[in-house]
Amino acid sequence: MKNGICIAYCEDETAQADLVCAMIEKWAEERNRMAQVVLFESAEEFLFKNEVYPYDAVFLDIALKQMNGVELARTIRNIDQKIPIAFLTADREFALEGYEVRAIRYLLKPITAEKLWELLNGLLADMEERTEDAACITVEEKGVIRRVDEDRLCYLDVLGHYTQLHLSDASVIRVKESLGTVLARIHRKELFVKCHRSYAVNLSYIEKISRAECTLADGEVLPVSRNSYQELNERFIQHYLHDAGQNPV
């Protein structure tokens with residue numbers, strides 16, 4: 001999330017979840033940041049709603065019904081080796097397992113603002129060290145928050161009231177936002193240009209351009225409108241001259 005943080009929080013006690021969310025909201029407010037917490041009441045709900053983990057961090061209670069937080073953390077690690085995991089729990093005896101799943105923190109309840117804010121400050125500092133090459137856009141699809149690496153985003157197009165994000169692995173994410181709204185949230189704006197009123201393309205994936213269409217590296221063809229052709233062509237040339245280490249004429 002640009003200028004902020006998106007956290008998945010798995011906690012089956014409503015009062016505890018509300019308390020932690022309020023602390024995170026206060027932390028974000030004091031730092032003039034955005035913070036989004038996506039709550040899950042069980043490990044099963046988390047796994048059902050997330051095939052991948054589009055969050056900046058995952059906070060887990062351990063004493064969950066059926067699958068506990070440590071088992072969930074192990075499942076997460078089987079798919080994602082890098083996402084930060086922190087335990088917020090009353091169970092002291094699982095600290096060793098926390099190390100096994102490379103948890104960044106093991107906070108014991110009652111959770112204090114001081115300890116939680118220390119955790120959040122560390123997460124934010126690590127996020128800000130990331131380079132622009134790792135820029136991501138966060139979108140919501142069918143109630144599930146997803147984080148998309150912008151370098152994997154080939155092009156976007158409009159379908160009715162939705163914008164579709166076409167990724168390099170041929171998957172498609174459909175969000176109920178306008179094309180302009182999605183483009184405005186992209187960090188690496190130099191890579192994306194509208195080739196048509198209903199299409200925007202990542203310059204890195206273009207193979208060739210004509211006045212009526214552009215062909216992507218995988219052979220897919222996108223329309224090019226008359227009004228978009230000049231800017232698209234100029235940006236395409238500038239992009240590849242820049243990659244080749246030459247100065248545009």
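The model is predicted: local features need pLDDT of at least 70, side-chain atom pairs count only at pLDDT 80 or more, and totals for chains, interfaces and linings use all residues. Residues are numbered from 1 along each chain as its sequence is written, and side-chain values use heavy atoms, with hydrogens and water left out.

**Whole chain**

Along the principal axes, the C-alpha atoms fill a box of roughly 65 × 35 × 30 Å. Of the 249 residues, 44% count as buried (under 20% relative accessible area, with exposed over 50% and partly exposed in between, using a 1.4 Å probe and protein chains only).

Next, colour by charge. The chain has 30 positive and 42 negative charges, and their mean positions are 4 Å apart. Lys and Arg count as positive, Asp and Glu as negative, while His and the chain ends are not counted; each charge is placed at NZ of Lys, CZ of Arg, CG of Asp or CD of Glu.

**Salt bridges**

Side chains of opposite charge can pair when their charged atoms come close. The whole structure holds 11 salt bridges (a side-chain nitrogen of Lys or Arg within 4 Å of a carboxyl oxygen of Asp or Glu).

Select Lys49 and Glu45. Their closest N and O atoms are 3.0 Å apart. Both lie in helix 2 (residues 43-49), four residues apart, so about one helical turn separates them. Lys49 is partly exposed at 38% relative accessible area, and Glu45 is partly exposed at 22%.

Move to Arg188 and Asp151, a salt bridge with an N to O distance of 2.8 Å. This pair links distant parts of the chain, 37 residues apart: Arg188 is in the loop between helix 6 (179-185) and strand 11 (192-196), and Asp151 is in the loop between strand 7 (144-149) and strand 8 (153-159). Is Arg188 buried or partly exposed? Arg188 counts as buried, at 14% relative accessibility, whereas Asp151 is partly exposed at 28%.

Then select Arg235 and Glu231, whose side chains meet at 3.3 Å, N to O. They are four residues apart in helix 7 (residues 229-243), about one helical turn. Glu231 is partly exposed at 43% relative accessibility.

Finish with Glu11, Asp61 and Lys109, which salt bridges with shared partners join into one network.

Key. Helices (H or I, at least four residues) and strands (E, at least two) are DSSP runs, numbered from the N terminus.
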